[in-house]
Amino acid sequence: MSVPMLKIGAVLSTMAMVTNWMSQTLPSLVGLNGTIISSEGTHERIVSGLYPGSEEGWQVYSTASDPDGRCVCTVVAPARNLCKRDPRSRQLRLLTEQVQNVSQSMEVVDLRTARDLQYVRDTEPLLRGVDGRLHTYVANPRTLTAKGLQELKGQMSQLRPLLSVVEQYRLDLQTLATLRLELLNLSIILTAIQEEIGAYDYEELQQRVLLLETRLHSCMNKLGCGRLTAVSSPITVRASGSRFGSWMTDAMIPSSDSRVWSMDGYYKGRRVLEYRTMGDFTKGQNFVQHLLPHPWAGTGHVVYNGSLYYNKHQSNILVQYHFRSRSVLLQRSLSGAGYNNTFPYSWGGSSDIDLMADEMGLWAVYTSIPNAGNIMVSRLDSRSLEVLQSWDTGFPKRSAGEAFMICGTLYVTNSHLAGAKVHFAYHTNSSTYEYTDIPFHNQYSHISMMDYNPRERALYTWNNGHQVLYNVTLFHVIRSDG
């Protein structure tokens, strides 16, 4: 099957690309899950099960067909640093090192030649004197006296180092012949690479890669929303902080902004660390500190369009803190919402109100006494924090480990401990729910924060003092113009 066969009504299951679209410092963090997942209702007829390496390009590595004859595919996109892992790039690096070695050798020969040439020039008058006296003695041996012979011996002794200089010249000629051969080989290899690459220079190729990345992002956005079918193996980004906390990137800003925010703890915290890139976060360097005017409760914070949205300590008040101005833009009470461990997730930690963002916008997940402790989902206006619409999911919040939104659907895990799985899904577009069985590896056995980032299509988790990423597999319906 080839990619052009993906037309109207075709179904695509795409592995999300996480850190492949961050600061260039983090490609090695992201690994794609090689498990082949067939969506519900499809035949288990796998046409091709070869999983491509991360250095390959767009690949359809599994296909199947459902009862209606529609194509089901799994596609893996190329890594962002594909160009850096290109074998030709390695060749060019080796060639650069060889050129440097040749240059250094030529510098050594040049310095030595200049030094020896100066010595020859300084010795030239003495050499001419000795040569003249020898010609005189040869022409008339009687002119050679004992004193003259002694002086001649002294002059010859002074000229003796000239022999080693001449010998060094001979060796340098051999070195130059070797360097000439190396340069010839380098020229042949460079010509071959130039012919292989074609008329594009490296900078132009880089620009083409950036253009392709932009088009790929655009293509991903056109895919629209999908239903969660699988969660990948965990990718541990860093181990830092206490047992509880949260970390995130902005869910809305352009991908060129790769800042990362970290908030350690769940009780009365006020310190937010802002890292310049994911690579800086991994290394724990290049960060600035924001000191919030009001402390937070829980770990259900979210960064959305340049602002931090969080639950104010010991209240059901939502706060919008703007990072650039370092000021609170808005505060609003979430009417009726429980707080201060009245209706937390199963792990506690004042996790009564969980703010999150997905492709549809900003959401609040919470509960209240009138709802008998069942999870409420409310869509919020990010500019006013007013509730636009609410849904009662019927799922008891205290039985949930964590929750996250993808494409307007709330997904709930059955535990925060080892053996957890995505157990429940509530679809706000149809006000319906279903029980699911989507396992994932809870590597460090205590998740206190789990949020989806729609920009990177990945799950961010804080797991027992470890910051962990998960790729997700979404079930998409592609609608194209042919």
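β19 is mostly covered, with 5 of its 5 residues buried. The model is predicted.

**Exercise 1. Which residues of β19 lie on one side, and which on the other?**

Solution. 
- Step 1. Take one side of β19: T409, Y411 and T413 are found there, and they are buried.

**Exercise 2. Over how many bridges does β19 pair with β18, and over how many with β20?**

Solution. 
- Step 1. Strand β19 (residues 409-413) pairs with β18 over 4 bridges in the antiparallel sense.
- Step 2. Among the facing residues, M405 has L410 of β19 as its bridge partner, and I406 stands opposite T409.
- Step 3. β18 and β19 form a hairpin with 2 residues between them. C407, in the turn, has a positive phi of about 55°.
- Step 4. With strand β20 (residues 421-427), β19 pairs over 5 bridges, again in the antiparallel sense. Here Y411 has A425 of β20 as its bridge partner.

**Exercise 3. Which parts of the chain does the salt bridge between E386 and R332 link?**

Solution. 
- Step 1. In this salt bridge the closest N and O atoms of E386 and R332 are 3.8 Å apart.
- Step 2. E386 sits in the loop between β16 (374-380) and β17 (387-396), while R332 belongs to strand β13 (residues 327-333). The two are 54 residues apart, so the pair links distant parts of the chain.

**Exercise 4. In the salt bridge of D381 with R383, is each residue buried or exposed?**

Solution. 
- Step 1. The closest N and O atoms of D381 and R383 are 3.6 Å apart.
- Step 2. The relative accessibility of D381 is 17%, so D381 counts as buried.
- Step 3. The relative accessibility of R383 is 71%, so R383 counts as exposed.
- Step 4. For another pair, take E456 and R455, whose side chains meet in a salt bridge at 2.9 Å, N to O. Both E456 and R455 are buried.

**Exercise 5. How many salt bridges are counted, and which residues are linked in a network of them?**

Solution. 
- Step 1. The count comes to 7 salt bridges.
- Step 2. The network links D257, R259 and E274.

**Exercise 6. What share of the residues in the chain is buried, and which residues make a nonpolar surface patch?**

Solution. 
- Step 1. The chain has 5 helices and 24 strands.
- Step 2. Of its 482 residues, 47% are buried.
- Step 3. The accessible surface of the chain comes to about 24,300 Å², and 53% of this belongs to carbon and sulfur atoms.
- Step 4. L181, L184 and I188 make a nonpolar surface patch of about 300 Å². L181 is found in helix α3 (residues 161-197).

Methods. Residues are numbered from 1 along each chain as its sequence is written. This is a predicted model: local features need pLDDT of at least 70, side-chain atom pairs count only at pLDDT 80 or more; totals for chains, interfaces and linings use all residues. Side-chain values use heavy atoms; hydrogens and water are left out. Patches are made of residues with over 30% relative accessible area and no salt bridge: like charges are joined within 9 Å, nonpolar side chains (Val, Leu, Ile, Met, Phe, Trp, Tyr) within 5 Å. Accessible areas come from the Shrake-Rupley method with a 1.4 Å probe; for residues, only the protein chains shown count as cover. A salt bridge is a side-chain nitrogen of Lys or Arg within 4 Å of a carboxyl oxygen of Asp or Glu. Two strands pair if DSSP finds at least two bridges between them. Buried means under 20% relative accessible area, exposed over 50%, partly exposed in between (1.4 Å probe, protein chains only).
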